[in-house]
Amino acid sequence: MTTPVGQAADQSQTFGERFLARAAELGPLCVGLDPHAHILERWGLSYDLDGLKEFTDTAVAAFRDTVAVVKPQVAFYEAFGAAGFEVLQNAMAELREAGVLVIADAKRGDIGSTMAGYASAWLRPGSPLEADAVTVSPWLGVDSLAPVFGLAAAYNKGAIVLAATSNPEAPSVQLSQTQSGTTLAQAVCDRVAELNAGDKPGNVGVVVGATVEKSPVLDQVNGMILMPGVGAQGGTMADVRRICGEAARFASPNVSRAVLNEGPGVEELQAAARRFAAELQV
């Protein structure tokens, strides 16, 4: 059952189910909200709080009824301190009220009570920064993220775990071998598959870059596969299919610059988002 556009999602469904339902209606595209200085300048905006707010308000108006997933890059809002976080929390609340799945791209990773604090900040219902999902880093050990996994399970939120990223520094770590002979990236995906085991798509997902050459096997992940690198970075739908294999229905190709460069007009942004959503159908 799909959630009508403009209506908040039914959170009795898992995050994976909610993503598949939304993608069936609008396509699997995830648009990144990356208000860095270059984009603001391109839009004729100043790189200050006023420019950040105008960018964000325009993006919310453009994407609230046109895309399945929006992923604000938290760092660009954090750069403006408390006032930047206020812009972010207002935007996330408005997008979520419209039914958009919002992934806070925070890439948090820690242990114990500190990780529990991050989990509460981004996933606890009623938190000022509540999102539908948050990106997390497993490089202190996948199970150091247990507080995030716990809240995700309790409230059908998403925990999107970095696995095989496309930055050039990544392979030296992510392709390292574990004691069992698998790569670290594969070990992350295998642990996610365990957490998502069952008949329903799970709440835990992975980040796998659309331009990685040596991808982990994703067939058993059973959750969202967030795929940055499509569009301006050179990734294509052929890459998405090559990497995801039998799990392609879980792919959410992430496009940021190639959509945002069409701004600042709302109609132009919507047209770009719809075009990419149509092109990226699995």
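User: How is the chain divided?
Analyst: This is a predicted model. Domain 1 covers 24–102 + 256–281, and domain 2 covers 109–253.

User: How far apart are the C-alpha centres of the two domains?
Analyst: They lie 22 Å apart.

User: And what area is buried between domain 1 and domain 2?
Analyst: About 1,500 Å². Carbon and sulfur atoms give 61% of that area.

User: How many residues are in contact across the two domains?
Analyst: 19 residues of domain 1 touch 19 residues of domain 2.

User: What about polar links between the domains?
Analyst: Six residue pairs are in polar contact between domain 1 and domain 2. On the domain 1 side, β2 (69–72), α5 (81–97), β3 (101–108) and α11 (257–260) each give two or more residues. Helix α5 gives the most, with five residues. By class, that side has 13 nonpolar, two polar and four charged residues.

User: How many salt bridges are there between the domains?
Analyst: Two salt bridges are counted between domain 1 and domain 2.

User: Switching to the whole model, how many salt bridges in total?
Analyst: The count comes to 11.

User: Where do R96 and D132 sit, and what does their pair tie together?
Analyst: Their side chains meet in a salt bridge, 3.2 Å from N to O. R96 lies in helix α5 and D132 in the loop between α6 (112–123) and β4 (133–136), so the pair ties together parts that are 36 residues apart in sequence.

User: Are R96 and D132 buried or exposed?
Analyst: R96 is buried, and D132 is buried too.

User: Now K107 and D105. What is the N to O distance there?
Analyst: The closest N and O atoms of K107 and D105 are 2.8 Å apart, in a salt bridge. D105 is buried, at 4% relative accessible area. K107 is partly exposed, at 40%.

User: What about E194 and R191?
Analyst: These side chains form a salt bridge at 2.9 Å, N to O. Both are in helix α9 (residues 184–195), three residues apart, so about one helical turn separates them. E194 counts as exposed at 52% relative accessibility, while R191 is partly exposed at 25%.

Terms used: Residues are numbered from 1 along each chain as its sequence is written. This is a predicted model: local features need pLDDT of at least 70, side-chain atom pairs count only at pLDDT 80 or more; totals for chains, interfaces and linings use all residues. Side-chain values use heavy atoms; hydrogens and water are left out. Domain bounds come from an automatic or database domain assignment. Contact means heavy atoms within 4.5 Å. Buried area is the accessible area (1.4 Å probe) that two parts lose on being put together, summed over both. A salt bridge is a side-chain nitrogen of Lys or Arg within 4 Å of a carboxyl oxygen of Asp or Glu. A polar contact is a pair of N or O atoms within 3.5 Å; within protein, one must be able to donate a hydrogen and the other to accept it, and residues adjacent in sequence count only if both atoms are side-chain atoms. Helices (H or I, at least four residues) and strands (E, at least two) are DSSP runs, numbered from the N terminus. Ala, Val, Leu, Ile, Met, Phe, Trp, Tyr, Cys and Pro count as nonpolar, Asp, Glu, Lys and Arg as charged, and the others, Gly among them, as polar. Buried means under 20% relative accessible area, exposed over 50%, partly exposed in between (1.4 Å probe, protein chains only).
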